Amino acid sequence: MSTESDIARIRYVAAENARTYEDFRWSLVQFREEQGLTIQDVGGRLGWSSSTVQNFEASETIPSLADIRRYALAVGGLLALSIYRPTFTDERKASDDQPE
């Protein structure tokens with residue numbers, strides 16, 4: 001059975017994962033723009049329609065890791081992944097963020 005602190009930690013980690021994912025997706029768009037590429041350019045490189053690229057960048061879809069990697073390569077980048085255990089400070093934030 002989960003304790004309140006376990007539930008708070010799980011909620012925090014889930015929220016942090018969602019935020020990190022959105023930050024990551026935004027970084028792809030920024031990287032594309034820094035390379036001077038348009039949505040149409042990327043679509044052409046990937047064989048995707050412009051609307052598919054737009055949906056990808058707007059988080060309208062849940063892409064596969066393979067699609068994220070292909071997109072990164074299409075804009076001239078490389079995909080690097082990491083996984084980490086939240087630090088005590090992160091876990092402390094989880095309990096601090098919960099209403100009393």
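Colleague: Is Glu57 buried or exposed in this model?
Modeller: The model is a predicted one, and in it Glu57 has its place in helix H3. A residue counts as buried when its relative accessible area is under 20%. The relative accessible area of Glu57 is 14%, and Glu57 is therefore buried.

Colleague: With which side chain does the side chain of Glu57 make a polar contact?
Modeller: Leaving aside neighbours within four places in sequence, Glu57 is in contact with Arg25, Val29, Arg32, Ile39 and Tyr71. For a polar contact, a pair of N or O atoms has to lie within 3.5 Å. The side chain of Glu57 has such a contact, at 2.4 Å, and its partner is the side chain of Tyr71.

Colleague: Within what arc do the buried residues of H3 fall, seen down the axis of the helix?
Modeller: Helix H3 covers residues 50–57, and its buried residues are Val53, Phe56 and Glu57. Seen down the axis of H3, these buried residues line one face of the helix, because they fall within an arc of 95°.

Colleague: What arc do the buried residues of H2 cover around the axis?
Modeller: Helix H2 takes in residues 39–46, and Ile39, Val42, Gly43 and Leu46 are its buried residues. The face turned away from that buried side carries the exposed residues Gln40, Gly44 and Arg45.

Colleague: Which residue just after H2 takes a positive phi?
Modeller: A positive phi is also found after H3, where Ser59 follows the helix with a value near 60°. Just after H2, the residue that takes a positive phi, of about 75°, is Gly47.

Colleague: How many helices does the protein have?
Modeller: From the N terminus on, the elements of the protein run α-α-α-α-α. The protein has zero strands, and its number of helices is five.

Colleague: What percentage of the residues of the protein count as buried?
Modeller: The accessible surface of the protein comes to about 7200 Å², of which 54% belongs to carbon and sulfur atoms. Among contacts between residues at least 6 apart in sequence, 61% join residues at least 24 apart. The protein has 100 residues, and the share of them that count as buried is 26%.

Notes
Residues are numbered from 1 along each chain as its sequence is written. This is a predicted model: local features need pLDDT of at least 70, side-chain atom pairs count only at pLDDT 80 or more; totals for chains, interfaces and linings use all residues. Side-chain values use heavy atoms; hydrogens and water are left out. Helices (H or I, at least four residues) and strands (E, at least two) are DSSP runs, numbered from the N terminus. Buried means under 20% relative accessible area, exposed over 50%, partly exposed in between (1.4 Å probe, protein chains only). Contact means heavy atoms within 4.5 Å. Accessible areas come from the Shrake-Rupley method with a 1.4 Å probe; for residues, only the protein chains shown count as cover. The arc is that of the directions from the helix axis to the C-beta atoms. A polar contact is a pair of N or O atoms within 3.5 Å; within protein, one must be able to donate a hydrogen and the other to accept it, and residues adjacent in sequence count only if both atoms are side-chain atoms.
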